[in-house]
Amino acid sequence: MKIQDWVTSAAIGLGISLASGSVLAAPAACAGLPSQAALQTALDSAVAQNNGDLGFNMWATIVANVCAVARDSSTSLTSQWLGSRVISAQKANKATDFNIGSDGRKGAFALSTANLYSAVQPGGSLYGLQHSNPVDPAVSYEGDSSLFGTASDPLVGARVGGVNVFGGGLGLYQSGGVKLGGVGVSGDTSCTDHMIAWRVRNTLQLDHLGTVGGVSGDPQRPDNIIFDITQTGNGGMLNPEGKVGYSPSGFGHPTCLNNPNPATLPKVQNP
């Protein structure tokens with residue numbers, strides 16, 4: 001089963017509004033989260049690696065509220081999909097809203113956006129979740145577009161909202177399994193988005209999930225993407241080719257064009 005998702009972005013959300021063109025100051029809620037410059041460096045490093053991609057430029061966002069937005073450096077604004085900017089923020093928002101830190105009643109638990117694909121299909125355990133917290137269009141598209149992906153991106157400090165349910169969004173955890181926020185990446189296939197988001201998180205050293213629960217079945221990569229959707233004749237999800245598929249785990253994600261190998265991703269750190 002294949003899906004062609006032509007977006008990759010990363011998002012961290014927190015910030016305050018300042019005059020157009022000025023560098024936006026990160027709000028108190030962004031304390032402990034990376035700066036725009038750090039996110040930019042991590043994104044550039046991640047994109048340069050083997051991610052099974054189409055070679056497209058990427059967006060990244062960090063959210064608690066929106067804290068920082070970045071895009072591929074040394075590229076013009078129109079050299080990447082502009083729509084992926086908001087998608088990266090949407091992924092980061094989901095990663096913030098639907099991951100649990102070590103202070104949770106049963107401890108920390110991580111779900112990537114990729115883990116939600118099958119669960120939100122009709123009959124899935126989380127069907128309808130993707131419609132529960134819509135993106136705020138007034139926030140998403142305001143401001144000077146020439147500032148998009150810079151330290152002065154108009155999204156910084158805003159609450160963009162949104163729940164994305166394909167690859168590219170991950171929770172950010174510091175030592176001890178303490179959740180700080182989320183990162184979202186968009187701009188290529190959804191599988192590549194996941195790979196790049198994972199490498200961004202690793203570069204930022206916010207992947208302390210060694211004792212954090214997840215659904216992947218791999219304790220060294222608890223919120224990794226799962227490729228277990230298989231064709232079946234007994235009912236299930238309808239894929240783009242009109243065939244019915246089934247995810248045994250209930251959290252599977254479709255494969256993509258030039259599909260990457262998620263087993264090659266760095267192991268998470270122990271809290």
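User: How far apart are the sulfur atoms of cysteine 191 and cysteine 256, and what do the two cysteines form?

Analyst: This is a predicted model. In it the sulfur atoms of cysteine 191 and cysteine 256 are 2.0 Å apart. A pair of cysteine sulfur atoms within 2.5 Å is called a disulfide, so cysteine 191 and cysteine 256 form a disulfide.

User: What makes the disulfide of cysteine 191 and cysteine 256 right-handed or left-handed?

Analyst: The torsion about its S-S bond is about 75 degrees, so this disulfide is right-handed. Cysteine 191 lies in helix α4 and cysteine 256 in the segment after β8 (244-246), so the pair ties together parts 65 residues apart in sequence. Both cysteine 191 and cysteine 256 are buried.

User: How many disulfides does a search of the whole structure find?

Analyst: The search finds two disulfides. One joins cysteine 30 to cysteine 67, with an S to S distance of 2.0 Å. That value is again set against the 2.5 Å cut-off. About the S-S bond of cysteine 30 and cysteine 67 the torsion is about -95 degrees, so this disulfide is left-handed. Cysteine 30 is in the loop between β1 (12-13) and α1, while cysteine 67 is in strand β3, so the bond ties together parts 37 residues apart in sequence. Cysteine 30 and cysteine 67 are both buried. Counting bonded cysteines along the chain, the disulfides follow the pattern 1-2, 3-4.

User: Why is proline 154 called buried?

Analyst: Its relative accessible area is 14%. Buried means under 20%, so proline 154 is buried. Proline 154 sits in the loop between α3 (137-140) and β4. Its C-alpha is 9.3 Å from that of valine 69, although proline 154 and valine 69 are 85 residues apart in sequence.

User: What share of the residues in the protein is buried?

Analyst: Of the 271 residues, 55% are buried. The accessible surface comes to about 10700 Å², and carbon and sulfur atoms hold 53% of that surface.

User: How do you know that the length of α1 agrees with its number of residues?

Analyst: Helix α1 has twelve residues, which at 1.5 Å a residue should span 16 Å. The expected span uses one less than the number of residues. The end C-alpha atoms of α1 are 16 Å apart, so the two values agree.

User: Which residues of α1 are buried, and what covers them?

Analyst: The buried residues of α1 are Gln36, Leu39, Gln40, Ala42, Leu43 and Ala46. Their cover includes β2, β3 and α4.

User: How many residues are in the largest nonpolar core, and which have the most contacts inside it?

Analyst: The largest nonpolar core has 31 residues. Those with the most contacts inside it are Leu33, Leu39, Leu43, Ile62, Ile196, Val200 and Leu204. At least two residues each come from α1 (36-47), β2 (59-63), β3 (66-71), β4 (169-174), β5 (178-186) and α4 (190-203). Helix α4 supplies the largest share, five residues.

User: What does valine 200 touch, leaving out residues up to four places away in sequence?

Analyst: Valine 200 touches Leu39, Ala42, Leu43, Ala46 and Val183. To count as touching, heavy atoms must be within 4.5 Å. There is also a second, separate core of 13 residues, including Val63, Val66, Val139 and Phe148.

Key. Residues are numbered from 1 along each chain as its sequence is written. This is a predicted model: local features need pLDDT of at least 70, side-chain atom pairs count only at pLDDT 80 or more; totals for chains, interfaces and linings use all residues. Side-chain values use heavy atoms; hydrogens and water are left out. Buried means under 20% relative accessible area, exposed over 50%, partly exposed in between (1.4 Å probe, protein chains only). Accessible areas come from the Shrake-Rupley method with a 1.4 Å probe; for residues, only the protein chains shown count as cover. A nonpolar core is a set of buried Ala, Val, Leu, Ile, Met, Phe, Trp, Tyr and Cys residues joined through side-chain atoms within 4.5 Å. Helices (H or I, at least four residues) and strands (E, at least two) are DSSP runs, numbered from the N terminus.
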